[in-house]
Amino acid sequence: MRRIIPVSLILLALTPWVQAVTFTIDPSHSSVSFRVKHVVGKVLGHFDQFNGIFNYDPANLKTGSAQATIQIGSISTGIGKRDNHLRSPDFLEVQKFPVMTFKSTGITDVNGSHAKLHGDLMIHGVTRPVILDLDVAGMAKDPMGPGQRAGATATTRIDRRDFGVGPTTGPIASMVGNDVEITIEVEGASQ
């Protein structure tokens, strides 16, 4: 028994300790964008105000997690009139539902730097499970500070009707697509 303890302590001391690092999303180096069909083309847009954190362990991607809050009123498609319409009760009802949130519930299907990020997405007061395709860019020393930086790209597709966004009948419903493609580019600074 005495020999087991010293050998265990030596092995423990030689084991590299890589732990998950918590990162704060840097909005000036990140983006939340979407694309949705309009009649026969597609409209591109993004949200300018968001915040969140994510945990990343390069040695064990499955232990990662993420959560974010997006200010719905910061929606921008480059056309003020359209943006105001999207903020209105016809679509996102910003006065009643000012934020959308995402909170991860797990990571599966890890293949190198690629994985599936599962989570709960809340839009328009409705929460639904979503799966995002995750592509982790990695981690590096922060050239702007004392810590580290990490980044990833996440993409998914949701049906706006699942969240009660926008009309389902009438002329507007026939002009606006149901599927919304979402792309999230995230860079974070370690806390």
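The paragraphs below walk through the strands, some individual residues and the salt bridges of a predicted model. Residues are numbered from 1 along each chain as its sequence is written, and side-chain values use heavy atoms, with hydrogens and water left out. Because the model is predicted, local features need pLDDT of at least 70 and side-chain atom pairs count only at pLDDT 80 or more, while totals for chains, interfaces and linings use all residues.

Strands, like helices, are DSSP runs numbered from the N terminus (E, at least two residues, for strands; H or I, at least four residues, for helices), and two strands pair if DSSP finds at least two bridges between them. Strand β9 (residues 126-141) runs antiparallel to strand β10 (residues 148-159), with eight bridges between the two. Together β9 and β10 make a hairpin, with six residues separating them. Within this pairing, Asp135 has Thr153 of β10 as its bridge partner.

Strand β1 itself (residues 21-25) has two faces: Val21, Phe23 and Ile25 are on the covered one, and Thr22 and Thr24 are on the uncovered one.

Thr155 belongs to strand β10 and is partly exposed, with a relative accessible area of 29%. Beyond residues up to four places away in sequence, Thr155 touches Ile131, Leu132, Asp133, Ile182 and Thr183. Between Thr155 and Pro167, 12 residues apart in sequence, the C-alpha to C-alpha distance is 25 Å. Ser76, in strand β6 (residues 75-76), counts as buried because its relative accessibility is 16%. Apart from neighbours within four places in sequence, Ser76 contacts Gly45, His46, Asp48 and Asp83.

Ser28 sits in the loop between β1 and β2 and is exposed, at a relative accessible area of 58%. Its side chain makes a polar contact with the side chain of Asp26 at 2.7 Å and another with that of His29 at 3.3 Å. Such a contact is a pair of N or O atoms within 3.5 Å; within protein, one must be able to donate a hydrogen and the other to accept it, and residues adjacent in sequence count only if both atoms are side-chain atoms.

Most residues other than glycine have a negative phi. Val39, however, has a positive phi of about 55°, and His124 likewise has a positive value, near 60°. Val39 lies in the loop between β2 (31-38) and β3 (41-47) and is partly exposed at 44% relative accessibility. His124, in the loop between β8 (114-123) and β9, is buried at 13%.

Lastly come the charged pairs. Eight salt bridges are found in a search of the whole structure, each defined as a side-chain nitrogen of Lys or Arg within 4 Å of a carboxyl oxygen of Asp or Glu. One of them joins Arg35 to Glu181, with the closest N and O atoms 2.7 Å apart. This pair links distant parts of the chain, since Arg35 is in strand β2 and Glu181 in strand β11, 146 residues apart. Arg35 is partly exposed at 35%, whereas Glu181 is buried at 15%. Another salt bridge brings together Glu187 and Arg149 (2.9 Å, N to O). Here too distant parts of the chain are linked, with Glu187 in β11 and Arg149 in β10, 38 residues apart. Arg161 and Asp159 form a further salt bridge, their closest N and O atoms being 2.6 Å apart. Through shared partners, salt bridges also join Asp26, Asp142, Arg149 and Glu187 into one network.

Notes
Buried means under 20% relative accessible area, exposed over 50%, partly exposed in between (1.4 Å probe, protein chains only). Contact means heavy atoms within 4.5 Å.
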